[in-house]
Amino acid sequence: MKNLRILIIRNANFSRGPRILPNSLKVLDWSGYQSSSIPFIFNPKNLAILNLPKSFLKRFESLKVFEKLNFLDFEGCKFLTEIRSLSRVPNLGALCLDYCTNLFQIDESIGFLDKLVLLSAQGCTQLESLVPYINLPSLETLDLRGCSRLERFPEVLGVMENIKDVHLDQTALEQIPFTIGNLVGLQRLFLRGCQGMIQLPNYILPKLEIITTYGCRGFRSSKDEGKVSPKVFTNAMCVYYEYGKSFLNVYSLNISSNIVIEVCSLPWTQLVNELKKLRFDLSFNSNIQVRVFAGKLCSNESLVCFWFRKKFPRIALWCILEPKKHFDNNMVLKHFDNNMVLDVKFNVVINGTKQLSTSCEYIFYTRKMTDQILSCDLQCKSEVIFSEKEWNHVEILCEIEYLMPCDSKRVMTYHDRTTKRILKWSVIYVYPENNKDDFSFINNPDFPLSPEQKFQEQRRIRYMYSTFNKFE
């Protein structure tokens, strides 16, 4: 049939696949295609639609140039394990790989198809990574829902203005790359049913709606930080909870590029061992340099204060969160049925001047509600001397926000009486490498604490130590 243009085969069983197909085909629609490959001599220069759902294909490679191929569908091909180069399919507009449950490898060329509008790979349960990089200027929809082993989202190399929806429901993602900001047209990001803790680049929230719960609208911020490329402190924040720990990026919101104070990761095991050795000798005449700052009952922030002279000391900072406090009634539970978005901010003020302002936004699975410890180190990146003779007053403000679904407002915790408080208390620890004579927790270094104040500090630190034991 040398003039055959359209071939559609459905509800038919064959003992084997075809040895030859007409090169005149424009449409090949064959459900349950019996062969493991396409005939080698098949060279349809005018083929526009290749639809082979539930076929026996094991791999696909465009050895020939399919100049006019626009639609490629391999849905339900359970024997398909890899998609090789599609560089010879320059005009491909839609690629469907849904429920190819043994597919584990996709060629990098798929990330650079200029005409691709739809890329769908739902339910590819063996797929751990789509492609390393994407630059798909025509793409409107990316659907990877149900890829339960998918851990990495590709880096976005170029500006993608046409993208509208990205579906990442029920994936194993832990972090969304900073370059997702190149998806400038993105309107909706679906993260429903994700049970891990997912890091969000803070600057993307004002630009799109993030849907984390089925049957509910998503989270959207009403304010824009105005940062196009904030400084990133990589893996600087560690979140400890009952089921493990996650390292998150921290984004600087400073307007100036000259950032004196930096955030860095915390060596948790080393610090816990040091605290055990100290055995919490609470006499302020000893070498102990730990203090607890309790959170306020009706506030969403905690203020850490101390004094230093000469160089800014390297310190460890903890904030203890109580997510369960958000679920005290059915109304709140309905809004946070699956996931919740938190924004943790640190502001460091020295002698009345803000030296550092940061943001760390992440999603966590509310069905695993446990107290969380957010920990990081603060240090001075260079030999900056604030004052040689005078004591410098430091205020570290820890501010916790959550994004409320079903509207476009970012709600502070003290605005919603049903949530009570998130922040339980803050802890600061000064590393032994610092000179204890140049550091003080006392409001004024010239005046010691009263006996009653010392007693209160002892009670707080003992309670802090008992809580840490749960996270070792």
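Biologist: Cys305, buried or exposed?
Modeller: Cys305 is buried, because its relative accessible area is 17%. Buried means under 20%, exposed over 50% and partly exposed in between, using a 1.4 Å probe and protein chains only.

Biologist: Which strand is Cys305 found in?
Modeller: Strand S21, residues 301-311. Helices (H or I, at least four residues) and strands (E, at least two) are DSSP runs numbered from the N terminus.

Biologist: What separates the C-alpha atoms of Cys305 and Val349?
Modeller: The distance is 9.6 Å, with the two residues 44 apart along the chain.

Biologist: Before I go on, what are the ground rules?
Modeller: This is a predicted model, with local features needing pLDDT of at least 70 and side-chain atom pairs counting only at pLDDT 80 or more, while totals for chains, interfaces and linings use all residues. Residues are numbered from 1 along each chain as its sequence is written, and side-chain values use heavy atoms, leaving out hydrogens and water.

Biologist: New topic. How many residues does the largest nonpolar core have?
Modeller: It has 64. A core is a set of buried Ala, Val, Leu, Ile, Met, Phe, Trp, Tyr and Cys residues joined through side-chain atoms within 4.5 Å. Leu28, Phe74, Leu86 and Leu191 have the most contacts inside it.

Biologist: Which elements give two or more residues to this core?
Modeller: Strands S1 (6-9), S2 (27-30) and S15 (198-200).

Biologist: And what is Phe74 in contact with?
Modeller: Beyond its neighbours within four places in sequence, its contacts include Leu52, Phe60, Ile83 and Cys100. Contact means heavy atoms within 4.5 Å. There is also a second, separate core of 43 residues, with Ile259 and Phe364 among them.

Biologist: Ile83 pairs with what in S8?
Modeller: Its bridge partner there is Ile106. Strand S6 (residues 82-83) and S8 pair in the parallel sense over two bridges. Pairing takes at least two DSSP bridges between two strands.

Biologist: What is the strand order in that open sheet?
Modeller: S4-S6-S8, three strands with parallel pairing. S4 (59-60) and S8 (105-106) stand at the edges with a single partner strand each, so one side of each has no neighbour in the sheet.

Biologist: Over to Ile20. Where does Ile20 lie?
Modeller: Ile20 is in the loop between S1 and S2. Ile20 is exposed, with a relative accessible area of 58%.
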